[in-house]
Amino acid sequence: MSVIYNKVALIGLGLIASSIFWSSKRGGLATEVSGYARSQATRDTARRIGLCDTVCDSAIEAVKDADLVMLCVPVGAMGQVAQEISPYLKPGCTVSDVGSVKAAVVDAVAPHLPGGVHFVPGHPLAGTEHSGPESGFATLFDNRWCLLVPPAGADPEAVAKLRRYWEGLGSNVDEMDPEHHDLVLAVTSHTPHLIAYTMVGVADDLGRVTDSEVIKYSAAGFRDFTRIAASDPTMWRDVFLNNKQATLEILGRFTEELFALQRAIRVGDGEELFDYFTRTRAIRRGIIEAGQDTAAPDFGRTKTGQ
Ligand SMILES: NC(=O)c1ccc[n+]([C@@H]2O[C@H](COP(=O)([O-])OP(=O)(O)OC[C@H]3O[C@@H](n4cnc5c(N)ncnc54)[C@H](O)[C@@H]3O)[C@@H](O)[C@H]2O)c1
Ligand SMILES: O=C(O)C(=O)C[C@]1(C(=O)O)C=C[C@@H](O)C=C1
């Protein structure tokens, strides 16, 4: 791979930004990567572990002369960060983000950006339950999707360049509009997270009653729920506050189905339960047969991917 951007600036230095940095280094995709995080402790850690070529003490300093500015902060902080950096952006640069919600980020960021700056929001569909600068690794995006949501009239060259950057980071890239993105992600990521949070909360309540038996003897499926429910509270609070409509729509459908299954159990309707589970099993088998079961990333790999 060759250099795609001369200077990339990462604002927010957590799981996603650090994975971008290590992966960008692996591919030699940028000549220089600068970074900024709000907390002094995060900046100190970043300097200690060699995360970014330059760690700056302000976002303004980090974005100076950057050709690509990537906002890697929680969804609820995107607008405020965009407002802070906008007067200091290099004319002609591209501003993007990695937020898990898209329509609200577009609404929060776009009004702050000056003319002549290209705004191409994005979302890598890859992550873990860990957060912070030390949790990133170079292979996080390998063979995972990254969705770009360029606004109507976006500069095709800026979009193509960002696409090449994400491909260089290991991703497959697709484009869609922000509202569709938010509905799809409400089904595939946001509502499942809420269900995992809820289920672990329920088990915790029971655990208190039964001296932690529920946690102690938890089976593999439930352990997967606890992994998901360990995800960052700030990130997920912001996801639900900013993807309200789609999440409520999917939750409404979910509870309807849940009540139907609850009723089938109560009245002993084995046929309904059997048919339902047969249908869902076919979906999983179809995914595997189509070769679309993108395995979880290998958490044992090194940070740098070397
Ligand atoms: N974790 C995942 O699985 C995942 C996957 C894809 C996308 N995302 C999205 O990526 C973004 C970052 O998530 P992450 O997992 O890297 O989070 P993280 O908690 O690991 O890192 C967030 C970073 O942003 C910094 N920050 C917070 N508010 C800030 C502000 N106002 N100004 C400057 N820095 C600020 C924090 O100090 C931290 O360094 C979020 O928008 C999230 O929705 C996360
Ligand atoms: O594997 C995980 O830990 C994740 O939850 C990653 C996950 C997802 O739901 O797939 C979480 C949020 C993101 O916006 C993208 C990816």
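Predicted model: local features only at pLDDT ≥ 70, side-chain atom pairs only at ≥ 80, totals over all residues.
Me: How do you know which residues belong around ligand 2?
Reply: The test is a C-beta atom, placed from the backbone, within 6 Å of the ligand. Ser 100, Leu 125, Ala 126, Gly 127, Thr 128, Glu 129, Ser 189 and Ile 228 are the residues around ligand 2. By class, they split into three nonpolar, four polar and one charged. Glu counts as charged, so Glu 129 is the charged one.

Me: Why are strand 4 and strand 5 called paired?
Reply: Pairing needs at least two bridges. Strand 4 (residues 68-71) and strand 5 are joined by four bridges, so they pass. They run parallel. Met 70 has Ser 96 as its bridge partner in strand 5, and Leu 68 has Thr 94.

Me: And what makes strand 5 and strand 6 a pair?
Reply: They have two bridges, and at least two are needed, so they count as a pair too. Strand 6 covers residues 118-119 and runs parallel to strand 5. His 118 in strand 6 is the bridge partner of Thr 94.

Me: Which strands stand at the edges of the sheet, and why are they edges?
Reply: The six strands form an open sheet in the order 3-2-1-4-5-6, with parallel pairing. Strand 3 (54-55) and strand 6 each have a single partner strand, so one side of each has no neighbour in the sheet.

Me: What makes both faces of strand 5 count as covered?
Reply: Strand 5 (residues 94-97) has Thr 94 and Ser 96 on one side, Val 95 and Asp 97 on the other, and all of them are buried. Buried takes 20 or more other C-beta atoms within 10 Å, so each of the four residues reaches that mark.

Me: Is Gln 245 buried, partly exposed or exposed, and how do you know?
Reply: Gln 245 has 13 other C-beta atoms within 10 Å. Exposed would need 12 or fewer and buried 20 or more, so Gln 245 falls in between and is called partly exposed. Gln 245 is in helix 11 (residues 244-267). As for Arg 163, Gln 245 lies 82 residues away in sequence and 29 Å away in space, C-alpha to C-alpha.

Me: Which handedness does the crossover from strand 8 to strand 9 have, and what makes it so?
Reply: Strand 8, helix 6 (residues 156-168) and strand 9 make a right-handed β-α-β unit. With the strands pointing away from you, the path over the helix runs clockwise, and therefore it gets that name. Strand 8 (residues 145-148) and strand 9 (residues 172-175) pair in the parallel sense over four bridges, with Val 173 as the partner of Cys 146.

Me: How many residues does each domain give to the contact between domain 1 and domain 2?
Reply: The domains are 5-175 and 180-289. Domain 1 gives 13 residues and domain 2 gives 16. The side of domain 1 that touches domain 2 has seven nonpolar, four polar and two charged residues.

Note on methods:
Residues numbered from 1 in each chain as written. Chains lettered and ligands numbered in written order. Domains from an automatic or database assignment. Contact = placed C-beta atoms within 7 Å.
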